[in-house]
Amino acid sequence: MARTTERAQRGGHSGVSIEDVAAAAGVSTATVSRAVRGLPRVSPATREKILEVATALGYVASSSASGLATGRTKTIGVLAPFVSRWFFSKAIEGADRELHARQYNLSLFNLGGHGSHRERLFSKTMVYKQIDALLVLCMALTRDELEHLQKIDIPLVVVGGHVEECAYIGIDDYAAASTAVKHLIELGHRDIALLHGDDETDLNFDVPRVRILAFQDVMTAAGLDVRPEWDEWGDFTLRSGQEAIRRLWAQPGAKPTAIFCASDEMAMGVIFEAQRVGVRVPEELSVIGIDDHDFSDAVGLTTVGQRPDEQAELGTKMLLDELLGIPGSVRSSVAPHRLIVRRTTAPPRSS
């Protein structure tokens with residue numbers, strides 16, 4: 001008799017789990033998952049056998065009972081640590097644009113911050129909720145999470161940062177940060193502060209680290225000091241930029257003439273707070289960010305722009321093409337970035 005598992009109970013499978021089907025058909029759970037979803041890389045004979053066993057056991061792969069004839073939910077999952085921040089909202093917009101054009105649905109998995117519910121999400125929700133593929137936005141995946149996803153064997157693409165063993169789409173963060181710092185140096189700045197991201201969030205840990213490394217390398221190559229007292233951190237929000245400039249200007253001694261911010265939201269926080277405390281931008285402090293946020297043009301922010309909506313749109317297209325069985329659809333790709341010079345950077349007064 002098929003055993004009743006927690007997965008079956010939560011997945012609405014009438015007491016039959018994917019493991020039961022795999023055992024009865026003599027195949028792996030990953031093969032069952034691919035077969036009932038109609039995914040490629042399953043032979044017709046194996047698929048037919050699995051569907052017969054699944055039907056006999058009463059296993060249904062989708063809570064919407066779309067049927068074993070197609071096996072598809074026509075739904076792509078999007079996993080994001082936040083939905084209110086600019087990068088993630090733009091990426092979701094791009095994914096939805098491609099899904100709408102291809103008549104697919106979007107199922108959003110929002111971790112809602114620092115990941116207190118990550119274990120529950122991966123072990124109790126995502127593995128049970130049926131999706132055909134998964135787009136992960138700018139966050140690291142743990143070994144256990146990767147194993148969960150590999151078990152159900154669905155196409156996977158990461159957008160906005162590198163994740164080991166996964167195809168990913170994003171800008172070259174080292175090159176983008178280097179472009180920003182070189183712009184300040186070319187203007188004549190020698191006293192440059194750094195406002196970097198805090199990698200203790202659920203954002204991909206490679207992104208803050210790589211942007212810090214680029215800053216340090218470019219400064220060193222130019223023969224400039226990387227001053228630890230001018231190393232500030234934030235969480236990619238406007239408020240953290242405000243707090244960083246307050247800490248920086250509260251210090252005794254010389255002040256930087258420019259600051260490289262690892263995101264536009266933090267850069268805008270620096271600009272707003274600098275104006276409040278009487279520091280003129282760019283006359284006394286040049287400010288540059290990364291992103292090209294929707295508000296950056298209105299603020300006049302110099303930045304290194306990227307298009308997270310286009311990155312996610314491309315990633316979604318890859319996933320859907322993979323589901324159609326097009327070989328090599330899911331692959332890593334470097335997205336473009338470009339320097340956009342506006343009003344917040346200028347040569348230092350001494351120049």
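## A tour of the model, stop by stop

Start by selecting F236, which sits in the loop between strand 7 (231-234) and helix 10 (238-250). Helices (H or I, at least four residues) and strands (E, at least two) are DSSP runs, numbered from the N terminus. F236 has phi near 70°, a positive value in a residue other than glycine. This residue is buried, with a relative accessible area of 11%. Here buried means under 20% relative accessible area, exposed over 50%, and partly exposed in between, using a 1.4 Å probe and protein chains only.

A quick word on what you have open. This is a predicted model, where local features need pLDDT of at least 70, side-chain atom pairs count only at pLDDT 80 or more, and totals for chains, interfaces and linings use all residues. Residues are numbered from 1 along each chain as its sequence is written, and side-chain values use heavy atoms, with hydrogens and water left out.

Now zoom out to the whole protein chain. You'll find 13 helices and 12 strands. Of its 351 residues, 56% are buried. Take the contacts (heavy atoms within 4.5 Å) between residues at least 6 apart in sequence: 72% of these join residues at least 24 apart. The chain exposes about 15,400 Å², and carbon and sulfur atoms supply 51% of that. Accessible areas come from the Shrake-Rupley method with a 1.4 Å probe; for residues, only the protein chains shown count as cover.

Two strands pair if DSSP finds at least two bridges between them. Select strand 5 (residues 167-171) with strand 11 and you have a parallel pair with 3 bridges. Click on I171: its bridge partner in strand 11 is A335.

Time for salt bridges (a side-chain nitrogen of Lys or Arg within 4 Å of a carboxyl oxygen of Asp or Glu). The whole structure has 19 of them. Show D173 and R211, whose closest N and O atoms are 2.6 Å apart in a salt bridge. D173 lies in helix 8 (residues 173-186) and R211 in helix 9 (residues 206-221), so the pair ties together parts that are 38 residues apart in sequence. Both D173 and R211 are buried.

Move on to E98 and R102, which form a salt bridge at 2.9 Å, N to O. E98 counts as buried at 11% relative accessibility, while R102 is partly exposed at 25%. Then try E229 and R227, another salt bridge at 2.9 Å, N to O. E229 is partly exposed, at 33%, and R227 is partly exposed too, at 29%.

Two backbone stops remain. Go to P282, in the loop between helix 11 (264-276) and strand 9 (286-291). The peptide bond from V281 to P282 is cis, with omega near 5°. Finally, select D291 in strand 9. Its phi is near 145°, a positive value in a residue other than glycine, and D291 is buried, with a relative accessible area of 10%.
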